[in-house]
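Here is a short briefing on one protein model. Look over the sequence and the structure first, then read the points below.

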Amino acid sequence: MKKAFVYLALFLLIGTGLTAYSRPNILFLFADDQRADTVAALGNPVIKTPNLDRLAHAGMAFNRAYMQGGMNAATCVPSRAMLLSGRNLFHISENLIHDGTFDETWPAAFGRDGYTTFMTGKWHNGPPALPHSFQIARSVFAGGMGNPLQLKLSNLVDAKLAPPHIGARHSCAIFADETIRFLKEHPGGPFFAYVPFDAPHDPHIVPADFSFNYAPANIPLPPNFLPQHPWDNGEMTIRDEKLMPWPRTPAGVKSYLAEYYRYITYLDAQIGRILDALAASPYATNTIVLFSADSGVACGSHGLIGKQNVYEYDSVRVPLIISGPGIPAGQRTDAMCYLFDVLPTLGKLCNVASPKGSEGIEFSAALHDPAKPARQEMLFAYKDVQRAFRDERWKLIRYPQVDKTQLFDLQTDPQEATNLAGLPQFAAKVAALTGRLKKAQRECGDEAPLIVAPPRPAEWDLPAKTFNSKKIKAID
Ligand SMILES: [Ca+2]
């Protein structure tokens, strides 16, 4: 009997060890404000992204991955809180602390289940929550969440909190250096490495010796370009919108995109250094590599510059590429998902138990078969001024404060250029989608009204004076 118990214990021990050994590593590369249409291999004819192309050729690219929105203008913060906690926009605390208690996060869950957890880059949630999520953090840019230096370094190996772009070396290069160093020094066992870059967020600062440039004349004007947004969307003069004077001009937008694209190509080069280091490491064949971004950004689409909106490329849609063992190469899927579904999916693939509060779904079926669906519908929100709903084909945007509605047929109008909401033949469609939007709000815990009385005037005049973008301080 005793002998049988010993054999059973040995069997369990070996079994657990084998399971742990075979679990894949995670390398999560996360950009900041990178539009979903800025990867060459996914259809952008102008931009150069040879390393993101490598990932796209090696894995599954999601055509319909989304962040859910934000309740303040610095959408970087809620986007990360949703990603890390697996919670929706209405259930997060932006600093990852609820009522004095640290939220459970997916990286912490990976750590509990035997993974070495590492991060370098832009944190941007409450700094005290960082050591509760990651075991190792190096060269972290804490971001605008209070005093960045009040970190308890109890279980952190090394945290240097500095603003980005400071010093002799660009922050993106430093984050790549740290990731490469981690890959070289890691003693073995499964790891979860999270690398949130602070690029291509404005200001678009690229080292002077990075010789690649785009000629503005060669950048196509976005097909949904407008000199200004057709009405007051509730956030017309926020910091990001002041980065370019009104009315926006084709020449101004092309110059802005040329700088933005150059920054993306620089980021791509840093990602390439990491991918090369991974390929030369013992982890080359057993690592799931992800690339995504915290949001898109308008860059002139719809007359907007920032991401304080719920349009597709201008804000809520994000690139998402996942490659790794068992994931077919060079595939594309229309399966819809939120960013806060990504870590529940990795948890499923890595046999990691869900942290408390996570409500994202796991879409691993779509990772192996692009025809498998994930979510059927999506809800988006920005403050109390914009709400949106999309299903497989249609997108409804509602601006409650000014009583405006947009309806887009994303199948024929993926750029959201033609508003169908005012046409009588689409009245029933608007009514039906409004009902589904309300239902989705209830399910997510969103109590914002879709109509207010009386609404504000929707008309918006250009500001009396234009703004000098160089005077706008970065806040997020
Ligand atoms: Ca961002």
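D32 has a relative accessibility of 0% and therefore counts as buried, since the cut-off for buried is under 20%. The model is predicted.

**Nonpolar cores**
- The largest nonpolar core holds 83 residues.
- Its members touching the most other members are I26, F28, F62, F110, W123, Y194 and I322.
- Domain 1 (20-376) and domain 2 (382-471) each supply at least three residues to this core.
- Another core, of 38 residues, lies apart from it and includes L27, L52, C172 and I274.
- Beyond its neighbours within four places in sequence, F110 contacts I26, Y115, T117, F192, L346, G347, C350 and V352.

**Helix pair α6 and α7**
- Helix α6 spans residues 171-185, and helix α7 spans residues 250-279.
- Their axes come within 9 Å and cross at roughly 5°.
- The two helices are therefore roughly parallel to each other.
- On the α6 side, the contact is made by C172, A173, A176, D177, T179, I180 and L183.
- On the α7 side, Y266, L267, Q270, R273, I274, A277 and L278 make the contact.

Note on methods:
Residues are numbered from 1 along each chain as its sequence is written. This is a predicted model: local features need pLDDT of at least 70, side-chain atom pairs count only at pLDDT 80 or more; totals for chains, interfaces and linings use all residues. Side-chain values use heavy atoms; hydrogens and water are left out. A nonpolar core is a set of buried Ala, Val, Leu, Ile, Met, Phe, Trp, Tyr and Cys residues joined through side-chain atoms within 4.5 Å. Buried means under 20% relative accessible area, exposed over 50%, partly exposed in between (1.4 Å probe, protein chains only). Domain bounds come from an automatic or database domain assignment. Contact means heavy atoms within 4.5 Å. Axes are lines fitted to C-alpha atoms, for helices over the stretch in contact, and angles run from 0 to 180 degrees between N-to-C directions. Helices (H or I, at least four residues) and strands (E, at least two) are DSSP runs, numbered from the N terminus. Angles under 35 degrees count as roughly parallel, over 145 as roughly antiparallel, 65 to 115 as roughly perpendicular and the rest as oblique.
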